[in-house]
Amino acid sequence: MAAEKWVYMVTAQTPTNIAVIKYWGKRDEVRILPVNDSISVTLDPDHLCTVTTVAVSPAFDRDRMWLNGKEISLSGSRYQNCLREIRSRGGDVEDREKGVKIEKKDWERLNLHIASHNNFPTAAGLASSAAGFACLVFSLAKLMNVEEDPSQLSAIARQGSGSACRSLFGGFVKWKMGSKDDGSDSVAVQLADEKHWDDLVIIIAVVSSRQKETSSTSGMRESVETSLLLQHRAKEVVPKRIVQMEEAIKNRDFASFTQLSCTDSNQFHAVCLDTSPPIFYMNDTSHRIISLVEKWNRSEGTPQVAYTFDAGPNAVLIARNRKVAVQLLQGLLYYFPPKSDTDMKSYVVGDNSILKEAGLDGENSVENLQPPPEIKDNIGTQDQKGEVSYFICTRPGRGPVVLPDQTQALLDPETGLPK
Ligand code: DP6
């Protein structure tokens, strides 16, 4: 390897994902091996994603990382495990133009700079670690010319955060729990790509929360230690649901998809209640959203909207098509209006072209909304403004990609430091 002071870098974008059959509980805390399979939908990275630039240079004196502009420590075992695993798989890299020549063996001693940015607020409580670790592993694999396929890479991302392994693919993804002690068969596989079921529209209600939630990591550890329901769920319930959910996705069977997603989310939260001491992730607003959707689905006769909640109060609502999504948004805005001084374009973000279709792009449009006619009983008062911080409108999306445009890089190509 030449001693020149070149900087060689790669930038990639990786989506986040939402589980419709949940991962909750580990059988191995270090390797991050789950007690059951899980299935997720990848969300469109145009609306929710992580962008990461990774750089290598003989001039770097240590591994460093910046997250959303702030330097963070890489000393934690999850980062260390991912870096070690990916380095050991690095290949030869040559870029004649830049005078870069790296051999396989060099990756052990060359230092890395990593800059990562989420295109959504971290404080929103949306799974940023899933997209983050997936993007770290994917971008390093590209930088280091690693030959492993996305499933093999998912086994590395899994060691950063379990749910991250599902972000290596677009569309619909299954994380197979595997049975080997070394975790080599605990990998993600794609069930169908994002085009397979592109009628679906996803609306996320970012629910305001006053309390600091228990992290997924410690919450699931406590559930494994104390909840009998978790044992029953992992052994008896999830294996059957996984088969049914795969079938529902394959056949684009929205009724089964909804029934399975909603009951699985509710059982996950029941496991949290069955944990000692109990963990409460949903709040009154979450419960009101569930009532709204349940009543609407019942009044229609066939399910129109699925809901699922992770380790927090935010609702992820999956509408069967655009027309339903428009009605859903109108209903949501009727019950959860913005605070008086809020601009609609900042209250509904992501694909907010839906606002126009919903007739919600004009002055006083929210005040003029009528209660959803399908819902006979009220789900609560309409006057609690500010319960929902904002809505994100999105859809199933693609997997990780390299961003070839250098202007999107987060590190300076000369210094390898954040721009
Ligand atoms: C409720 O993947 O964040 O979102 O593996 O400890 O990093 P660690 O946990 P994490 O847990 C996600 C839990 C969940 C359900 C899911 O995504 O399947």
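**Reading helix packing and a ligand site**

Analyst: Let's start with one crossing in this predicted model: helix 1 and helix 2 cross in a right-handed sense.

User: Glad to. What are two packed helices described by?

Analyst: Two packed helices are described by the angle between their axes together with the distance between those axes. Here, the axes of helix 1 (residues 77-87) and helix 2 (residues 128-143) come within 10 Å, crossing at roughly 25°. Angles under 35 degrees count as roughly parallel, so helix 1 is roughly parallel to helix 2.

User: Which residues make the contact of helix 1 and helix 2?

Analyst: Helix 1 contributes R78, Y79, C82, L83 and I86, while F133, L136, V137, L140 and A141 come from helix 2. By class, that contact has nine nonpolar, no polar and one charged residues.

User: At what angle do the axes of helix 2 and helix 3 cross?

Analyst: At roughly 125°, with the axes of helix 2 and helix 3 (residues 150-157) coming within 9 Å. That makes helix 2 oblique to helix 3. F133, A134, V137 and A141 of helix 2 meet L153, I156 and A157 of helix 3, and by class this contact has seven nonpolar, no polar and no charged residues.

User: Now the ligand: which residues come nearest?

Analyst: Of the 17 residues around the ligand, the nearest are Y23, K26, R78, S161 and S163. R78 also belongs to the contact of helix 1 with helix 2.

User: Where are polar atoms of G162, R166 and D310 relative to ligand oxygen atoms?

Analyst: A polar backbone atom of G162 is 2.7 Å from a ligand oxygen. For side chains, a polar atom of R166 lies 2.8 Å from a ligand oxygen, and one of D310 lies 3.2 Å from a ligand oxygen.

Key. Residues are numbered from 1 along each chain as its sequence is written. This is a predicted model: local features need pLDDT of at least 70, side-chain atom pairs count only at pLDDT 80 or more; totals for chains, interfaces and linings use all residues. Side-chain values use heavy atoms; hydrogens and water are left out. Axes are lines fitted to C-alpha atoms, for helices over the stretch in contact, and angles run from 0 to 180 degrees between N-to-C directions. Helices (H or I, at least four residues) and strands (E, at least two) are DSSP runs, numbered from the N terminus. Angles under 35 degrees count as roughly parallel, over 145 as roughly antiparallel, 65 to 115 as roughly perpendicular and the rest as oblique. A crossing is left-handed if the near helix is turned anticlockwise from the far one by less than a right angle, and right-handed if clockwise. Contact means heavy atoms within 4.5 Å. Ala, Val, Leu, Ile, Met, Phe, Trp, Tyr, Cys and Pro count as nonpolar, Asp, Glu, Lys and Arg as charged, and the others, Gly among them, as polar. A residue is near a molecule or strand if one of its heavy atoms lies within 4 Å of it. A polar contact is a pair of N or O atoms within 3.5 Å; within protein, one must be able to donate a hydrogen and the other to accept it, and residues adjacent in sequence count only if both atoms are side-chain atoms.
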